[in-house]
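Here's a quick walk through one model. Have the sequence and the 3D view open as you read.

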Amino acid sequence: MQRQVVSFHYVLRDEAGEVVDASSKENPITFLEGSGMIIDGLEKALHDMAVGEQRKVSLEPEDAYGAYDERQVQEVDRSVLPVDEVKVGDMFQAGQDRHSPIVRVIEVTEEKVKLDANHPMAGKRLFFDVEVVEKRDATEEEIAHGHVHGPGGHQH
Ligand code: ZN
């Protein structure tokens, strides 16, 4: 199947209806299908839409950032963290490698810190309003590189 380059606008709301994230008016999000840049459930919905079409897309956690996994939460001694001051909401890279997971501080006691390696949106249902702005066939070069070239993509 011919892979497409898709540009779209979106507004993302959580279950309470609060806006979590949105594309800017001037700059739609542009992605190459199958490159893993956007979550699968959203990519599937956009694939079936025509240019100019607007749709509401709600995704269960498993189609978005996955279920919340209690095993991704661990308690460590405060002393293992690279800083003196720690508060709830702080984020750390769990290792030296730049691909190491990001962990979030979710609880702080005098000696212990609870770290959560789940994605912040894990376990959450997502509610998107999307509008497809443009679609075109991906070029062979884009497919080989695994990313979009030109506006909204790599400039090289
Ligand atoms: Zn390239």
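Let's settle one term before anything else: a residue is partly exposed when its relative accessible area falls between the buried limit of under 20% and the exposed limit of over 50%. Keep in mind, too, that this is a predicted model.

With that in hand, take Asp-129: its relative accessibility is 25%, so it counts as partly exposed. Its salt-bridge partner is Lys-56, with the closest N and O atoms 2.8 Å apart. Because Lys-56 sits in strand β4 and Asp-129 in strand β9, the pair ties together parts that are 73 residues apart in sequence. Lys-56 itself is exposed, at 69% relative accessibility. Arg-13 joins in as well, linked with Lys-56 and Asp-129 in a network of salt bridges.

The whole structure has 11 salt bridges. Here are three of them, including the one just described:

| Salt bridge | N to O distance |
|---|---|
| Lys-56 and Asp-129 | 2.8 Å |
| Glu-107 and Lys-114 | 3.5 Å |
| Arg-136 and Glu-142 | 2.9 Å |

Glu-107 is partly exposed at 35%, and Lys-114 is partly exposed at 25%. In the Arg-136 pair, Arg-136 is partly exposed at 30%, whereas Glu-142 is buried at 2%.

The largest nonpolar core has 19 residues, and Phe-8, Leu-42, Leu-46, Phe-128 and Val-130 touch the most other members. Strands β1, β4 and β9, along with helix α1, each give two or more residues to this core. Leaving aside neighbours within four places in sequence, Phe-8 has contacts that include Leu-42, Leu-46 and Val-130, as well as Pro-28 and Ile-38. There's also a second, separate core of 8 residues, with Phe-92, Val-103, Val-105 and Val-113 among them.

Finally, have a look at Asp-116 in strand β8. Asp-116 counts as buried because its relative accessibility is 2%. A polar atom of its side chain lies 2.8 Å from the backbone nitrogen of Asn-118. Beyond its neighbours within four places in sequence, Asp-116 is in contact with residues including Tyr-68, Gln-72, Val-103 and Arg-104.

Note on methods:
Residues are numbered from 1 along each chain as its sequence is written. This is a predicted model: local features need pLDDT of at least 70, side-chain atom pairs count only at pLDDT 80 or more; totals for chains, interfaces and linings use all residues. Side-chain values use heavy atoms; hydrogens and water are left out. Helices (H or I, at least four residues) and strands (E, at least two) are DSSP runs, numbered from the N terminus. Buried means under 20% relative accessible area, exposed over 50%, partly exposed in between (1.4 Å probe, protein chains only). A polar contact is a pair of N or O atoms within 3.5 Å; within protein, one must be able to donate a hydrogen and the other to accept it, and residues adjacent in sequence count only if both atoms are side-chain atoms. Contact means heavy atoms within 4.5 Å. A nonpolar core is a set of buried Ala, Val, Leu, Ile, Met, Phe, Trp, Tyr and Cys residues joined through side-chain atoms within 4.5 Å. A salt bridge is a side-chain nitrogen of Lys or Arg within 4 Å of a carboxyl oxygen of Asp or Glu.
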